[in-house]
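Visitor: I would like to learn how to read the features of a protein model, one at a time. Could you take me through this one slowly?

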Amino acid sequence: MNRAAVLPPAAAVTAALVLLSAWASAGRAGRPEPVVAGEGRILVPVAGAVRPVATAAFFVLRNPGDVPDELTGASWGPTGRVVLKRHVHRGATGSWEPVAGLAVPARAEVRMSPEGVDLLVVRPPALRAGERVEFTLHFRHGPDVRVRAVAVAPGGADG
């Protein structure tokens with residue numbers, strides 16, 4: 001075996017390992033950071049309902065870290081029940097099913113929507129457009145995130 005042919009690749013691997021070790025020891029590798037959520041939207045229940053049974057809320061989640069995380073649920077108010085759900089298309093109709101979590105990949109943004117994954121808010125209070133409601137989003141690896149959602153009319157420009 002020609003040692004002169006082996007030396008450059010071996011030196012390159014050694015240099016790469018030294019640089020990666022320095023990067024990791026400086027705290028730059030696999031750095032988790034809390035997921036960030038901007039102000040979301042909560043749909044105003046349909047007019048005429050005496051006590052709305054449910055509505056939906058949506059948020060944009062951003063993971064600035066190097067480690068993926070997962071939204072596992074949410075809560076609001078002292079007794080507010082929230083279910084993480086996914087819209088399911090079945091021909092011309094649709095329904096929904098609960099989901100255990102919503103992946104938030106590293107260095108990525110995830111947008112919740114009425115046609116994808118959202119939060120089903122059970123027995124919401126009476127809401128008026130423009131009103132704000134506070135939620136706490138729960139993540140598998142990161143800390144809880146407190147965020148507000150502004151009430152919007154269904155089908156409106158912001159809904």
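This is a predicted model: local features need pLDDT of at least 70, side-chain atom pairs count only at pLDDT 80 or more; totals for chains, interfaces and linings use all residues.

Visitor: With which residue does arginine 107 form a salt bridge?

Guide: The general idea is to look for a side-chain nitrogen of Lys or Arg within 4 Å of a carboxyl oxygen of Asp or Glu. Here the partner of arginine 107 is aspartate 66, and the closest N and O atoms of the two are 3.1 Å apart. This pair links distant parts of the chain, since aspartate 66 sits in the loop between strand 4 and strand 5, while arginine 107 sits in the loop between strand 8 and strand 9, 41 residues apart. Aspartate 66, for its part, is partly exposed, with a relative accessible area of 26%.

Visitor: How many salt bridges does a search of the whole structure find?

Guide: The search finds 11 salt bridges. One of them joins arginine 62 to glutamate 109, whose closest N and O atoms are 2.9 Å apart. That pair, too, links distant parts of the chain, with arginine 62 in strand 4 and glutamate 109 in strand 9, 47 residues apart. Arginine 62 is partly exposed at a relative accessible area of 36%, and glutamate 109 is partly exposed at 40%.

Visitor: Where should I look for the nonpolar residues of the interior?

Guide: In soluble globular proteins, nonpolar side chains tend to be buried together. In this model the largest nonpolar core has 34 residues, of which Ile42, Phe59, Leu61, Leu119, Phe135 and Leu137 touch the most other members. Several strands each supply at least two residues of this core, among them strand 2, strand 8 and strand 11, and strand 12 gives the most, with 6 residues. If you select leucine 119 and leave aside its neighbours within four places in sequence, you will find contacts that include Phe59, Ala74, Val82, Met112 and Leu137.

Visitor: Is aspartate 118 buried or exposed?

Guide: Aspartate 118 has a relative accessible area of 1%, and because buried means under 20%, this residue is buried. Aspartate 118 lies in strand 10, and, apart from neighbours within four places in sequence, its contacts include Ala56, Phe58, Leu84, Lys85 and Ser113.

Visitor: What share of the residues in the chain is buried?

Guide: Of the 159 residues in the chain, 34% are buried. The accessible surface of the chain comes to about 9,600 Å², and 59% of that surface belongs to carbon and sulfur atoms.

How values were computed:
Residues are numbered from 1 along each chain as its sequence is written. Side-chain values use heavy atoms; hydrogens and water are left out. Helices (H or I, at least four residues) and strands (E, at least two) are DSSP runs, numbered from the N terminus. Buried means under 20% relative accessible area, exposed over 50%, partly exposed in between (1.4 Å probe, protein chains only). A nonpolar core is a set of buried Ala, Val, Leu, Ile, Met, Phe, Trp, Tyr and Cys residues joined through side-chain atoms within 4.5 Å. Contact means heavy atoms within 4.5 Å. Accessible areas come from the Shrake-Rupley method with a 1.4 Å probe; for residues, only the protein chains shown count as cover.
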